[in-house]
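Open the model in your viewer and keep the selection panel at hand.

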Amino acid sequence: DFGKMPDGTEVQAVTLRNDRGVMVRVITYGARVQEVVTPDRNGHGADIALGFASLQGYLGRSDPYFGATVGRFANRIARGRFTLDGHTYQLPINDGPNSLHGGTMGFDRRVWTLLTVKQGPSFASVRLRYVSPDGDQGYPGALTATATYTLDDHDRLHIDYRATTTAPTIVNLSNHTYWNLSGEGSGSVTHERLMIPAAEFTPVDATLIPTGAFSPVAGTPFDFRQPKAIGRDIRDGRSQQLLFGRGYDINWVISRHAVAVPRLVARVVDPRSGRVLELASNQPGLHFYSGNFLDGSLVGPAGHTYRQGGGFALEPQVFPDTPNQPAFGSAILRP
């Protein structure tokens, strides 16, 4: 039991554990990762995922998508508008002039149905479902989405998203966990070393909507092909892109299309704790956000405030604003 919604709907928590000291807690509100405990180089465990101690924190309007499954369309859609099969659809505007992460009541703010909890000889898993009705937040088609979290004995957390629709729609599901490998609330992540194997990124305008171009990372602060500290170039005032996002808040081009088998899209090393996070995905894009808008007003489970740079998010997905950018491919899902 993780609490109750204002209408009385119960929110549940499921704890997954392995034999190596790793624990992942998932809650049905937003199909979220609420906690990830893993040992450091000396075997001392710490929670490395930002979040709240109780449901009340997640219900606040200032929740920055901690741990959430974001959808129906992760990231931004310009002016909250797209055209599909000759019909134009209008979504809620909740990020400047644009629609972000599915709108004002996206998948992150829905209570998902707990379908199954399984404990195998070398894994533990939980599967959740949300049925988004036709017209939900302006999107066409009734969409049935599932999120399955599986923790195995190799310290791997698998996240599997699937969806079916009753009518042509667009879909882009991703996870929005914020990480601090030194431990949530321990301070800035700028010392952690990040590698993203991408030669291009998609530059944005002042409202963080992609311009449609593909720009090389070479010679820019966005070159993470060789590991470097997150904070090394984050204050480079010569980069208009960093000024637009107040830090890193942009999409890297891992490939031009999704692939069949997940491959490494990011690696983060924390020299202080010795923890290493490797992220594999089959998605073409990786959005890296350096926690630029954390302002000290939110308090984590250990009682510490989250300030700017207190965590980072790595969001595998199709490119932002793909429905309005023909060069970006397709985010269409048909029945």
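Two strands count as paired if DSSP finds at least two bridges between them. Strands (E, at least two residues) and helices (H or I, at least four) are DSSP runs, numbered from the N terminus. This is a predicted model: local features need pLDDT of at least 70, side-chain atom pairs count only at pLDDT 80 or more, and totals for chains, interfaces and linings use all residues. Residues are numbered from 1 along each chain as its sequence is written, and side-chain values use heavy atoms, with hydrogens and water left out.

**Stop 1: the four-stranded sheet**

Select β12, β13, β14 and β15. They form an open sheet in the order β12-β13-β14-β15, with antiparallel pairing. Which strands stand at the edges? They are β12 (113-119) and β15 (157-165), each with a single partner strand, so one side of each has no neighbour in the sheet. From one strand to the next, the twist averages 15° (axes are lines fitted to C-alpha atoms, for helices over the stretch in contact; angles run from 0 to 180 degrees between N-to-C directions).

Now zoom in on β14 (residues 143-152) and β15. Nine bridges join them, in the antiparallel sense. Pick Leu151: its bridge partner in β15 is Leu157.

Next, select Thr146, which sits in β14. Is Thr146 buried or exposed? With a relative accessible area of 7%, Thr146 is buried (buried means under 20% relative accessible area, exposed over 50%, partly exposed in between, with a 1.4 Å probe and protein chains only). Leaving out residues up to four places away in sequence, Thr146 touches Trp112, Arg127, Leu128, Arg129, Asp160, Tyr161 and Arg162. Contact here means heavy atoms within 4.5 Å.

**Stop 2**

Select β5 (residues 32-39). Seven of its eight residues are buried. Show β4 (residues 23-27) as well: five bridges join β4 to β5, and the two run antiparallel. Ile27 stands opposite Arg32 in β5. Four residues lie between the strands of this hairpin, and Gly30 takes a positive phi near 75°.

Move to the other hairpin. β5 and β6 (residues 45-47) pair over three antiparallel bridges. Pro39 has Gly45 in β6 as its bridge partner. Five residues separate β5 and β6, and Gly43 in the turn has a positive phi of about 85°.

**Stop 3: salt bridges**

Side chains of opposite charge can pair when their charged atoms come close. The cut-off here is a side-chain nitrogen of Lys or Arg within 4 Å of a carboxyl oxygen of Asp or Glu. The structure holds 16 salt bridges.

Stay on Arg32. Its side chain meets that of Asp63 in a salt bridge (2.8 Å, N to O). Asp63 lies in the loop between α1 (55-59) and β7 (68-70), and the two residues are 31 apart. Both Arg32 and Asp63 are buried.

Next, select Asp249 and Arg76, which form a salt bridge at 3.6 Å, N to O. Asp249 is in β23 (residues 249-253) and Arg76 in β8 (residues 76-77), so the pair ties together parts 173 residues apart in sequence. Asp249 and Arg76 are both buried.

Then try Asp233 and Arg232, which meet at 3.5 Å, N to O. Asp233 counts as buried because its relative accessibility is 18%. Arg232 counts as exposed because its relative accessibility is 59%. Shared partners join Arg32, Asp63 and Asp108 into one salt-bridge network.

**Stop 4: the six-stranded sheet**

Select the open sheet of order β18-β29-β26-β23-β20-β21, which pairs antiparallel. Its edge strands are β18 (178-179) and β21 (215-216), each pairing on one side only. Inside the sheet, β20 (residues 200-202) and β23 share three antiparallel bridges. Glu200 stands opposite Val253 in β23.

**Stop 5**

On a 1 Å grid over the protein atoms alone, a cavity is a set of points where a 1.4 Å probe fits but cannot get out; a pocket is an open set with protein on both sides within 12 Å along at least five of seven lines; lining residues have an atom within 4 Å of a point. Grid points are joined across faces, edges and corners, and a volume is the space filled by probe spheres set on the points.

There is one cavity of 30 Å³ or more. Its lining includes Thr202, Asp249, Ile250, Asn251 and His287. β23 gives the largest share of that lining, three residues.

Finish at the largest pocket, with a volume of about 1600 Å³. Of its 48 lining residues, the closest to the centre are Leu157, His158, Ile159, Leu279 and Ala280. β15 gives the most to the lining, with seven residues.
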